[in-house]
Structures are given as C-alpha cells and as structure tokens.
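Subject: Structure handover

Dear colleague,

Here is the structure you will be taking over. My notes on it follow below the entry.

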Amino acid sequence: MPTRTAPDTDEVAQVRAFNRFYTRSIGVLQDSLVGSPFSLGEARVLHELARRESDREGAAQGMEGTELRRLLDLDAGYFSRVLARFDAAGLIRRDPHPSDARRQLIRLTEAGRAGFADLDERQVAAVRRLLEPLSAGQRATLTEAMATIERVLGGSERHRGFVLRPPRLGDLGWIVARHGALYAEEYRGDPRFEAMVARIVADYAQRHDPAREAVWIAEVDGQPVGSIACMADDQSEPGTARLRLLLVEPTARGMGIGERLVAECLRFARRAGYTRITLWTTSGLDSARRIYQRAGFTLDNEAPHDGFGEGVIGQNWSRPL
C-alpha cells in the first residue's frame with residue numbers, strides 16, 4: 001500500500017488557491033448563476049430534479065426531500081428555504097408518496113422544467129465561452145486534468161478501459177521519472193534507484209533489437225499509467241529473457257493493468273524464442289510479487305542489496321517459457 005502522509009502547508013495552500021481561481025473563472029461567486037434567476041445551490045436542486053425526470057421511472061416517482069438534500073449535502077435550513085422559494089414561484093409541486101401519505105415527493109412543474117431548460121442553455125453557452133480561446137490540445141489537457149481531480153477526490157470506481165502500445169518519443173523519459181518518483185514516495189527509495197532505471201532504459205534505447213526486446217506503455221484516457229519491458233538477460237545462459245520496468249500508477253491500480261503487462265511480456269518472450277525469463281525485484285513490492293506469482297514466477301534466491309535505500313532485500317525470480 002502507498003505510504004500515506006498528512007498534507008503539508010504548501011499543498012493545502014495550493015488547493016485553496018486553485019479553488020479561488022476556479023470559482024472566479026466559472027462565475028459561481030455572483031448572486032445568480034450565468035445570469036439566471038438562480039444561485040448555484042438552487043441550480044443544483046433543479047438539476048437533480050430534472051435528471052431524475054429524464055429517467056422514465058424516476059419521472060413517475062419524483063424525489064423525496066430527504067433523499068435530495070442528502071444527495072447534494074445541503075444544510076437543512078438552506079434546503080428548506082430553497083424549496084419554499086421554488087414553491088412560491090410555482091417551480092415544484094409536492095405530492096403524497098404512494099405508499100405513505102406522510103411522506104412527500106418533489107417534482108418539477110412545467111414552469112420548473114422551463115426554468116431549468118433556460119438555465120441549462122445558459123450554462124452550456126458559458127462553458128463554450130470559457131473553452132473557445134483554448135486550442136484543441138489545451139482543451140484536452142484541461143478536461144483530462146478535471147477527470148483526474150474527480151477520480152482522485154471522488155474515489156470513483158467507474159470502469160475504465162486501457163490500451164497497451166509501443167513507446168512514443170518522451171515515454172522512455174516518463175518511465176525513468178515515474179519509477180524514481182513512485183519508489184521514493186511509496187518505499188522511501190533514494191535517487192540511486194532512479195539512476196538504475198535510467199541505465200536500464202538507456203541500454204534498451206541504444207541496443208534495441210525489435211525482434212528480441214520490447215517495451216509497452218499502458219494508457220488510460222490518453223495518458224501513460226504503466227510500463228514493462230522484455231529484454232535479453234546478459235547475465236544468464238543464452239535463451240533467457242528478463243522482465244524489467246514494471247510500473248502501474250496508483251490511480252490506475254485495480255484495473256488488471258499489471259497482470260496484462262506481464263502477460264504481454266511473456267507472450268513476446270515466447271514468440272522471440274526465449275526458453276526462460278527472469279526478473280529482479282525487492283522484497284517490499286508486495287503487489288508486484290503477487291502478480292509475478294500468479295504469472296508462474298518462483299523465487300530463486302534473495303540477499304541484502306545496498307544499491308539504494310536501507311534494509312533492501314533483492315530477489316531473483318524466474319519461470320520457464
């Protein structure tokens with residue numbers, strides 16, 4: 001598991017600065033949202049009621065007030081005032097629950113649906129104005145960053161697909177940088193580990209024989225999130241390959257990427273004519289170890305390693321092909 005540490009003062013300040021910038025950029029500090037008669041909180045209530053009505057079953061049922069308030073995490077007093085205002089404006093109606101007359105279901109009226117449609121059009125136009133000055137590349141960067149924020153803070157478990165591809169220009173540098181950063185963050189490694197990875201990558205780039213060696217990049221939503229390499233093992237008998245550079249970003253773990261990368265490496269090694277494959281790792285990398293074991297690797301030997309960090313135990317694993 002990654003080592004968790006308390007956020008430092010600079011990290012907190014950066015998030016607060018981003019919040020101030022973003023809320024100003026999208027205009028939510030104004031009394032009304034995008035020139036409509038509604039505040040941000042009121043707009044969210046209208047949005048959730050309209051979204052429920054977009055489902056045929058939901059339109060028939062409406063929403064209970066407690067469900068709506070809990071969904072939006074609104075203060076009870078504020079939520080009550082919003083509903084009272086919507087009632088007075090004729091935007092909603094309250095009907096008895098079919099199974100319990102003491103409970104109420106909230107639905108939009110025709111006026112409420114018209115009000116939301118106007119608000120929705122205004123919001124779409126505002127976002128278009130925000131994006132228009134940006135190039136296509138800048139818009140892609142922005143939306144990818146937004147998706148990352150949502151995924152990291154929301155803990156989303158939505159299914160995301162991934163692809164494996166050959167490395168492009170810049171990917172080998174990414175492998176070195178991410179190995180160094182993640183090993184330091186999760187296992188308190190020092191710069192010597194990053195230097196070791198850089199030497200492996202340099203060897204691959206300088207002597208690369210596409211019939212005998214390969215690197216794969218795992219990609220999610222257009223971004224690299226993992227890597228692996230199959231290289232000739234110069235320290236073993238002829239016909240031996242070496243699995244190297246396995247990495248999966250924390251945000252992409254649990255998707256099966258590590259297993260898929262290892263499987264692709266083994267398939268390539270067989271096609272290339274290798275009869276055995278080895279790997280070297282350290283004892284603390286439990287997630288990687290489980291992947292190796294499921295792929296048929298067995299531990300050959302282990303010994304203390306003083307190349308980087310303290311208390312590191314190096315391990316050699318292998319399996320026949």
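Helix 6 (110-131) gives the most to the lining of the second largest pocket, with five residues. Helix 1 (9-25) and helix 7 (136-154) each supply at least two residues of that lining as well. Helices here (H or I, at least four residues) and strands (E, at least two) are DSSP runs, numbered from the N terminus.

This is a predicted model, in which local features need pLDDT of at least 70 and side-chain atom pairs count only at pLDDT 80 or more, while totals for chains, interfaces and linings use all residues. Residues are numbered from 1 along each chain as its sequence is written, and side-chain values use heavy atoms, with hydrogens and water left out.

The volume of the second largest pocket is about 540 Å³. Its lining has 19 residues, and the closest to the pocket centre are Tyr 22, Ile 26, Val 28, Gln 123 and Val 127. A pocket is an open set of points on a 1 Å grid over the protein atoms alone, where a 1.4 Å probe fits, with protein on both sides within 12 Å along at least five of seven lines; lining residues have an atom within 4 Å of a point. Grid points are joined across faces, edges and corners, and the volume is the space filled by probe spheres set on the points. By class, the lining has twelve nonpolar, seven polar and no charged residues. Ala, Val, Leu, Ile, Met, Phe, Trp, Tyr, Cys and Pro count as nonpolar, Asp, Glu, Lys and Arg as charged, and the others, Gly among them, as polar.

Rings of Phe, Tyr and Trp (its six-membered ring) pair if their centres lie within 6.5 Å; planes under 30 degrees apart count as stacked, over 60 as edge-to-face and the rest as tilted. One of the pairs is Phe 38 with Phe 86, whose ring centres are 6.1 Å apart with planes at 90°, so this pair is edge-to-face. Phe 38 is in the loop between helix 1 and helix 2 (40-54) and Phe 86 in helix 5 (residues 76-89), so the pair links distant parts of the chain, 48 residues apart. Both Phe 38 and Phe 86 are buried (under 20% relative accessible area; exposed is over 50%, partly exposed in between, with a 1.4 Å probe and protein chains only).

Tyr 183 and Phe 193 form a stacked pair, with ring centres 4.0 Å apart and planes at 15°. Tyr 183 lies in helix 8 (residues 171-187) and Phe 193 in helix 9 (residues 191-207), ten residues apart in sequence. Tyr 183 and Phe 193 are buried.

Arg 212 lies over the face of Tyr 274, at 4.0 Å from the ring centre. The criterion is NZ of Lys or CZ of Arg within 6 Å of the ring centre and within 35 degrees of the ring normal.

The structure holds zero disulfides, defined as pairs of cysteine sulfur atoms within 2.5 Å. The cysteine sulfur closest to that of Cys 230 is in Cys 265, at 4.1 Å, too far for a bond. Cys 230 is buried at a relative accessible area of 0%, and Cys 265 counts as buried at 0% too.

Two backbone angles remain. Asp 73, in the loop between helix 4 (65-72) and helix 5, has a positive phi near 55° and is exposed at 69% relative accessibility. Leu 245, in strand 7 (residues 240-248), has a positive phi of about 65° and is buried at 10%.

Regards
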